[in-house]
Amino acid sequence: MDALGAVGRRRFLQVTATGVAAVTLAPRRGMAAGGTVRWVSPRGTVEVLDDYPYWVAKKFGYFGDLDTTLEPGPMEATATIKLVDQGQSDMGYPSPGVFSLGLEQGIPLVSVWHMGAYDVFSFAFPKGKKPANAAELKGKQILLGSIGWKSICDPELAQLGVDPASVNYAEAGALWGQALSQGRGDAALSWEGLRAQWTGQGLEFDYLLPYEFSKLPANSFVIRKSDFEDQGKKALYEQYLRGWAMGMEFGYQNPRAATQIVLEQFPALASTLKPDVATESQMQLAKVYRGPWDKRQGWGWHDIAQWQFFFDLIHKIGQISKPVQAADVCKNDYVQAANGFDKAKVQADASGFQLKPEMQAVDVKAIEARL
């Protein structure tokens, strides 16, 4: 069953008073020969370019005999970690801020795959109203899709020298970008990939980009600590993450092909994004996923010093009450095996992919110049 099939059989319940979504997903199916992995998104949809490595891996069989699903989950910020904790999903994709909230609540989670080696988050401003100095953010209203995203914004502001308590946050729902364009706020949280999509939708903003200021990590894949400690599941997760690594390598080798695969998966997305906009969205994400490649030990590798900087920062601003040692909760145990794939095969798959004429017309070099 694909992700869209799963969506039709899940029900979302109301968000509890604690801010953690109470959600029920579809019951588990029978185990495939190689095992089953259910992954849940933090963004309320999977009809985006963000997960292109997964769709590439599905198309080319990079997951092997594993039975996998990619599920949207509700938009409420902490739902992705709660569903993993409850055993309704095997792997979640929280931002570092949401991951830290789970740790603060005592949820036993381990980050096993660092997707966002560069920070992915940015702030969007109406055209001509981007502040010249970050200090000008004081007193401004920042629009969020979910109020839980405050845990994302607070450390971003703190590293800019802005007291998070000096800004006002407003939850504007799934159309928070449109709300900014309507003048309902002074700024909005955004991220790479979404930035290109907003532009393609006619939402023209100025941006404070992460590359201009941020030392923080971005989202990672988390699993239950008990699963991480279960040596019987090590091969399962290594195989699963190898599929993601191969998809990431494919997308780096041929951005237009990875983009086309996602657009073919989601016709509705293809109807709203032109090929050049969609490709730019993919390439923004691929830049974040690859990160400072010469300093990394492969796809998915955590830079423990980068994560320690994050945990120390959020402890300093009071987002967590106790210090966190990054090495205790960010693990690279699966990285070497996951990166041990046949790179020549992936390169051949990428270079041999048949692009549609409209994708062939996309100027990748022009996009690279804008990244």
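**α9 and α16**

I began with the crossing of α9 and α16, which is right-handed. I was working on a predicted model throughout. Helix α9 covers residues 234-253 and helix α16 residues 343-351. I found that their axes come within 9 Å and cross at roughly 45°. That angle makes α9 oblique to α16, because angles of 65 to 115 degrees would count as roughly perpendicular and those under 35 as roughly parallel. Next I looked up who makes the contact. From α9 I noted M246, E249, F250 and Q253. From α16 I noted V346, Q347, D349 and A350. I sorted the residues of this contact: four are nonpolar, two polar and two charged.

**α4 and α13**

I then turned to another helix pair. Helix α4 (residues 96-104) packs on helix α13 (residues 304-316) at an angle of about 65°. Their axes are 11 Å apart. The crossing of α4 and α13 is right-handed. On the α4 side I listed P96, G97, F99, S100 and L103. They meet W307, F310, F311 and I314 of α13. Of the residues in the contact of α4 with α13, seven are nonpolar, two are polar and none is charged.

How many of the five residues of β3 are buried? I counted five of the five, so strand β3 (residues 36-40) is largely enclosed by the rest of the structure. I checked the side-chain directions too. T36, R38 and V40 point one way from β3. V37 and W39 point the other way, and all are buried. Strand β4 (residues 67-71) runs parallel to β3, and five bridges join the two. Opposite R38 I found T69 of β4.

**D51**

I followed the chain into the loop between β3 and α2, where D51 lies. Is D51 buried or exposed? Its relative accessibility is 0%, so D51 counts as buried. I left aside neighbours within four places in sequence and listed the remaining contacts of D51: W39, R43, V46, L70 and W244. W39 is one of the buried residues of β3.

**α10**

I checked burial in helix α10 (residues 255-265) as well. Eight of its eleven residues are buried, so α10 is largely enclosed by the rest of the structure. I wrote them down as P255, A257, A258, T259, Q260, I261, V262 and L263. What do the buried residues of α10 pack against? I found five helices there: α2 (52-60), α9, α11 (267-272), α12 (275-290) and α17 (357-360).

**The five-stranded sheet**

Last, I traced an open sheet of five strands. I read its order as β9-β8-β10-β7-β11, with mixed pairing. β9 (168-171) and β11 (205-208) stand at the edges. Each has a single partner strand, so one side of each is left without a neighbour in the sheet. On average, neighbouring strands of this sheet are turned by 35° against each other, direction ignored.

I looked at one pair inside this sheet. Strand β8 (residues 141-144) and strand β10 (residues 187-191) pair in the parallel sense over two bridges. I142 has A187 of β10 as its bridge partner. I also noted what covers the strands. Helix α5 (residues 150-159) lies across β7 (121-126), β8, β9 and β10. I put its direction at about 90° to β7.

Definitions and conventions:
Residues numbered from 1 in each chain as written. Predicted model: local features only at pLDDT ≥ 70, side-chain atom pairs only at ≥ 80, totals over all residues. Heavy atoms only, no water. Pairing = 2+ DSSP bridges. Helix = DSSP H or I, 4+ residues; strand = E, 2+ residues; numbered from the N terminus. Axes fitted to C-alpha atoms, helices over the stretch in contact; angles between N-to-C directions. Contact = heavy atoms within 4.5 Å. Parallel < 35°, antiparallel > 145°, perpendicular 65-115°, else oblique. Left-handed = near helix turned anticlockwise from the far one by under 90°. Nonpolar A, V, L, I, M, F, W, Y, C, P; charged D, E, K, R; others polar. Buried < 20%, exposed > 50% of the residue type's maximum accessible area, 1.4 Å probe, protein only.
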